[in-house]
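Please examine the model shown here with attention to its pocket, its surface and its charged contacts. The briefing below groups the computed features by topic.

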Amino acid sequence: MQPMAERGSTADQLLDDLLPEELDWQRLVRSYPLPALALAAVGGFFLGRSRGPEIVSALAGFAADTLTESVNQLLGKEVL
């Protein structure tokens, strides 16, 4: 498995795909951290209000898959 720094986060990849290439969103976030945080909070609030149950279900499935993978890797064989 690659270190996080090498593979980048899923959020980074998603934002790179959604936003125009000429927009350097990482520089904007570094330059204006509080407005970026406020925008993310407002966006998360509205997204949670409209798609809350679906998001919780997806996160639960992701957590279960990650836990299963970690347990299997720890034990050295596929148990779960």
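By class, the lining of the largest pocket in this predicted model consists of eleven nonpolar residues, with no polar and no charged ones. In this classification Ala, Val, Leu, Ile, Met, Phe, Trp, Tyr, Cys and Pro are nonpolar, Asp, Glu, Lys and Arg are charged, and the others, Gly among them, are polar.

**Basis of the values**
- The model is predicted: local features need pLDDT of at least 70, side-chain atom pairs count only at pLDDT 80 or more, and totals for chains, interfaces and linings use all residues.
- Residues are numbered from 1 along each chain as its sequence is written, and side-chain values use heavy atoms, with hydrogens and water left out.

**Largest pocket**
- The lining is formed by L15, L19, W25, L28, V29, Y32, P35, A36, L37, L39 and A40.
- Two or more lining residues come from each of α3 (25-31) and α4 (33-75), and α4 gives the most, with five.
- The space in this pocket is about 330 Å³, a volume filled by probe spheres set on grid points joined across faces, edges and corners.
- A pocket is an open set of points on a 1 Å grid over the protein atoms alone, where a 1.4 Å probe fits and protein lies on both sides within 12 Å along at least five of seven lines; lining residues have an atom within 4 Å of a point.

**Fold and surface**
- The chain has four helices and zero strands, where helices are DSSP runs (H or I, at least four residues) and strands are E runs of at least two.
- L23, L28 and Y32 make a nonpolar surface patch of about 260 Å²; patch residues have over 30% relative accessible area and no salt bridge, and nonpolar side chains are joined within 5 Å.
- L23 lies in the loop between α2 (10-18) and α3.

**Salt bridge**
- The count is one salt bridge, defined as a side-chain nitrogen of Lys or Arg within 4 Å of a carboxyl oxygen of Asp or Glu.
- R27 and D24 form a salt bridge through their side chains (4.0 Å, N to O).

Note on methods: Patch = residues over 30% accessible without salt bridge, like charges linked within 9 Å, V, L, I, M, F, W, Y side chains within 5 Å. Areas by Shrake-Rupley, 256 points an atom, 1.4 Å probe, with all protein chains shown as cover.
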